[in-house]
Amino acid sequence: MKRVIQIDSVIQDSSTATVVVFDPRTGKMQFVPAVFMVKDGKTEATITRNTNSMYAIVQNKKTFDDMAGHWAQKDVELLASKMIINGTSDHSYTPEMQVTRAQFVAMLVRGLGLSTETLPAVFTDVAATQWYASEVGTAAKYGLVQGVSEGLFNPDEHITREQMVVILMKAVALVQGTAKTDVKATTQFADQDQLSDYARSALSEAVGKGLVHGKTETTFAPQDIATRAEAAVMIKQVLQFLKLIN
C-alpha cells in the first residue's frame, strides 16, 4: 500500500532523510520504504508498506571512518543513514568483513520494511533467542529464503555472491507481485560455469535488470563469499529499482 506525507518545507538531501516507525518489540525507530519528491516548495514522502502504522520523518546522516574513499562509500552511508544497515561500531563499518546468511537476510528484511514479529520456528537451527530469529522467520514467511535443506538455514554460514542474488530476486518478485519465471542463462561472465544450477536464472534476470555487476569486467565470482560492502551495494541497487528509496 502507498501513502503520502506532505511536509511544508524542502528536503534538499533525500539520502539523509527517511520515514520511520516505532518498533515496540525493540524499542527503536525502524526504517520504512519511502521516496521523497519536492513539489511546489513542499516535500512529498511516498511510503510503500504492507501494514498500517504511525509514521514520522527524520533526518539522519551517518558516516564511517573506514569508508572514506572506499568504492562503496556512497551506498553504505546511504543505507546507514536510513537505518537499514549498522556499523560494526559507531565509527566503523568494516566493509571487507564477510557476511553470514543471517546478517544478509536481516539487512534485506529491514530494507524491504517488512514488519517482524515472533513467529513459530521454521528452521531447527535458528533459536528463538538469537538476534536474527524474527528477521529470518519473516524472510521465510514471505518466501525470501527456504533454507539449505529441510529444516536447516545455516544462519552462521557465510553467504556467497550467487546466494545473495537468488534471495534478492525473490525480493523483487515479492514487491512487484509477479511470480519468478525461468530465464535462459545468457550472462556474459566468463566464469558462469561456476554457477550453481539453482542460481542461473536469478543471475540472468538480475543482470538483465541491471541490478548486479561482475566482480571484474569479465567474471562474477559466484562462489566467492560476499563482503559487507558488496551486500550493501546489492541491496541498495534492488531498493532503488523497486522505488523503495530514492
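Q: What makes strand 4 and strand 5 a pair?
A: In this predicted model, six bridges join strand 4 (residues 34-39) to strand 5 (residues 42-48). Pairing requires at least two bridges, so strand 4 and strand 5 qualify. The two strands run antiparallel.

Q: Which residue of strand 5 stands opposite Met 37?
A: Met 37 stands opposite Glu 44.

Q: Which residue takes a positive phi in the hairpin of strand 4 and strand 5?
A: Asp 40 does, with a phi near 55 degrees. The hairpin has two residues between its strands.

Q: How do you know that strand 2 pairs with strand 3?
A: Five bridges join strand 2 (residues 17-23) to strand 3. The requirement is at least two, so strand 2 and strand 3 count as paired. They run antiparallel, and Val 19 stands opposite Val 32 in strand 3.

Q: What is the order of the strands in the open sheet of three strands?
A: The order is 3-2-6, and the pairing is antiparallel.

Q: Why are strand 3 and strand 6 called edge strands?
A: Strand 3 (28-32) and strand 6 (55-59) each pair on one side only. From one strand to the next, the twist averages 50 degrees.

Q: Why is Ala 72 called buried?
A: Its relative accessibility is 0%. The cut-off for buried is under 20%, so Ala 72 counts as buried. Ala 72 is found in the loop between strand 6 and helix 1 (73-81).

Q: What does Ala 72 touch, not counting residues up to four places away in sequence?
A: Ala 72 touches Met 67, Ala 229 and Val 233. In sequence, Ala 72 and Val 233 are 161 residues apart, but their C-alpha atoms are 6.7 Å apart in space.

Q: How do you know whether helix 2 and helix 3 are roughly parallel or roughly perpendicular?
A: Helix 2 (residues 101-112) and helix 3 (residues 133-141) pack at an angle of about 70 degrees, with their axes 9 Å apart. Angles of 65 to 115 degrees count as roughly perpendicular, and therefore helix 2 is roughly perpendicular to helix 3. Their crossing is left-handed.

Q: Which residues of helix 2 and helix 3 meet, and how do they divide by class?
A: From helix 2, Val 105, Ala 106 and Val 109 meet Glu 135, Val 136, Thr 138 and Ala 139 of helix 3. The contact divides into five nonpolar residues, one polar and one charged. Thr 138 is the polar one and Glu 135 the charged one.

Q: What makes helix 4 and helix 6 roughly parallel?
A: Helix 4 (residues 161-176) packs against helix 6 (residues 228-241) at an angle of about 20 degrees, with the axes 11 Å apart. Under 35 degrees counts as roughly parallel, so the term applies to this pair. Helix 4 passes helix 6 in a right-handed crossing.

Q: Which residues of helix 4 meet helix 6?
A: Arg 161, Met 164, Val 165, Leu 168, Val 172 and Gln 176 do. On the helix 6 side they meet Glu 230, Ala 231, Met 234, Ile 235, Val 238 and Phe 241. By class, this contact has nine nonpolar residues, one polar and two charged.

Q: Why does Met 169 count as buried?
A: Met 169, which lies in helix 4, has a relative accessibility of 2%. That value is under 20%, so Met 169 counts as buried. The C-alpha atoms of Met 169 and Val 238 are separated by 8.5 Å, while the two residues are 69 residues apart along the chain.

Conventions. Residues are numbered from 1 along each chain as its sequence is written. This is a predicted model: local features need pLDDT of at least 70, side-chain atom pairs count only at pLDDT 80 or more; totals for chains, interfaces and linings use all residues. Side-chain values use heavy atoms; hydrogens and water are left out. Axes are lines fitted to C-alpha atoms, for helices over the stretch in contact, and angles run from 0 to 180 degrees between N-to-C directions. Helices (H or I, at least four residues) and strands (E, at least two) are DSSP runs, numbered from the N terminus. Angles under 35 degrees count as roughly parallel, over 145 as roughly antiparallel, 65 to 115 as roughly perpendicular and the rest as oblique. A crossing is left-handed if the near helix is turned anticlockwise from the far one by less than a right angle, and right-handed if clockwise. Contact means heavy atoms within 4.5 Å. Buried means under 20% relative accessible area, exposed over 50%, partly exposed in between (1.4 Å probe, protein chains only).
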